[in-house]
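Please look over the sequence and the model shown below before reading on. The paragraphs that follow take it part by part.

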Amino acid sequence: ETTVKDFRVGWVLANPDGAFDRPTIGINGQWPIPQLTATVGDRMILNVHNDLGNASTSLHFHGFFQNGTNYMDGAVGVTQCAIPPGSSFTYDIVFEQPGTYWYHSHSGGQYMDGLRGAIVVHDPAGPYEGKYDKEIVLSISDWYHELSVDLIDQLINVENPTGAEPVPQAALINDTQNLSIPVMPDTTYLIRFVNIGGFAAQYIWFEGHSMRVVEVDGVWTEPADADMLYITPAQRYSVLLTTRSDTSANFALVSAMDEGLFDVIPEGQNSNVTAWLVYDATKPLPAPQPVNELEAFDDFDLVPVDGLAIFDHVDHSFSLEVQMDNLRDGANYAFFNDMTYVQPKVPSLYTALSVGGTNASSPIVYGSHTNTHVFKHNDVIELILNNGDDGRHPFHLHGHNFQVVHRSDEDGGIYIPDDLAASEFPRVPMRRDTVFVEGNGNFVIRFRADNPGVWLFHCHIEWHMDQGLVATFVEAPEALQALQVPESHLEACRAAGKPTAGNA
Ligand code: C2O
């Protein structure tokens, strides 16, 4: 089925935490913005009109591989120019992957101003079809009282030499702090969680109910019991939850921002938000009980239902080391292997196509601050991420999900490729598109470079992206040459007076 939608992206006022109205980015005059729902194979033609007046924009469909349609990936400076105010841009997407996803602006820190929403792709052939009665989508997010442009200014500033990230004022569930979820007794729900926030990972749990994880980031998993989930920005989990037979009480669902990520906890900070499973609307909504005995679920041991075995043979292994440092002008930046990302003038994809197949294989043509790595078509890539920073970071790779074959906390130190250690890797590793590394820890991921394109790899904490914690992966540049960027897409560059070709 094909649907055509028009999204006018513009400023509206919103007040989801009851503090005050703030300018927020809505769609067609509304905020929260719509959830997108499709069935595998559906096509969506989405005409985006930028009515913001004072900012350019873009939309990224997080988690979709965009195989053969790299130019629909929405990453500004990578696969397109930002859509200038007054201009339009058409995304044309076939939803080929089932599961829980989301879409968000990929322009500066803009998604934290509200331009982010959930996407659900139904799977009539899914392994859990018929195993649940109803479905509920719960987005969780953090909320700021100031505009992202102002917060970025405060973050990357000589007055903030340690790079302390702005702390969110509130946590939200489905863009509110007042969510009641009506439920029926003896009913099994598929609950899809998606963290659409910009900074805070959140711990989430139900009182009086248990969860069984069945999906991570679009990958169906063998069922695994969980008391509490830890969901970083951009991660998704689906769980099965069976309600009680007894309808005499209602139950809290709590989501708590991970305060371990905050350099300072402001006075009066409330990092928690409560919603309720409501069996009986005439009964009270109980205040949540304090918890300290719940343990957050470890995603590392999840097993994909498809049983895809580990890539045993690696063609290309490389490592990225994370540092956060106060450099240059006295402000704090983030680095992969001593390089902080700076967006090129020409989107990297347009560079790859205009310099031609042979030159496109040379990382140099993409500019000296794009952290570019080039992969050969169908090579198995192993990426070792060593975190030299003491904070957790959720890393996302566009265009793929990846096998998480190893992860260590700080005692793991620097990971160096090691055959003996590799013999301990899981035979069927967990796959997802966003995985966190522990402070001073490491992880090792593997994927096959079977998706010709230019894909970003970055920390999904928006502040860290703004600080430059981004790398560019150019995959199969020769095979990529067959791609034709729609002429209309180049319009965004021209309207902004930007080049569409050449050496970045
Ligand atoms: Cu949600 Cu660059 O991604």
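How many Å separate the centres of domain 1 and domain 2? Taken over C-alpha atoms, the distance is 22 Å. The protein is divided into domain 1 (2-122), domain 2 (134-301) and domain 3 (316-495), bounds that come from an automatic or database domain assignment.

This is a predicted model, in which local features need pLDDT of at least 70, side-chain atom pairs count only at pLDDT 80 or more, and totals for chains, interfaces and linings use all residues. Residues are numbered from 1 along each chain as its sequence is written. The average pLDDT (the predictor's confidence in each residue, from 0 to 100) is 96, and 100% of the residues score at least 70. For the complex, the predictor gives an ipTM of 0.99 and a pTM of 0.97.

Domain 1 and domain 2 touch: 27 residues of domain 1 are in contact (C-beta atoms, placed from the backbone, within 7 Å) with 26 residues of domain 2. On the domain 1 side, β2 (22-27), β7 (99-104) and β8 (116-122) each supply at least two residues. Such strands are DSSP runs of E with at least two residues, helices are runs of H or I with at least four, and both are numbered from the N terminus. Strand β7 gives the most to this side, with five residues.

Next comes the interior. A residue is buried if 20 or more other C-beta atoms, placed from the backbone, lie within 10 Å of its own, exposed if 12 or fewer, and partly exposed in between. Leaving out residues up to four places away in sequence, Ile445 touches Leu383, Phe402, Gln403, Val404, Val405 and Val435.

Strand β13 (residues 202-206) is largely enclosed by the rest of the structure, because four of its five residues are buried. Strands pair if DSSP finds at least two bridges between them. Three bridges join β13 to β16 (residues 229-231), running antiparallel, and glutamine 202 stands opposite isoleucine 231 there. Five bridges join β13 to β18 (residues 251-257), also antiparallel, where tyrosine 203 has alanine 256 as its bridge partner.

Helix α2 (residues 348-355) is mostly covered, with seven of its eight residues buried. The cover over those buried residues includes β29 (453-459), β30 (470-475) and α5 (477-480). After α2 comes glycine 356, with a positive phi near 90 degrees.

How values were computed. Contact = placed C-beta atoms within 7 Å.
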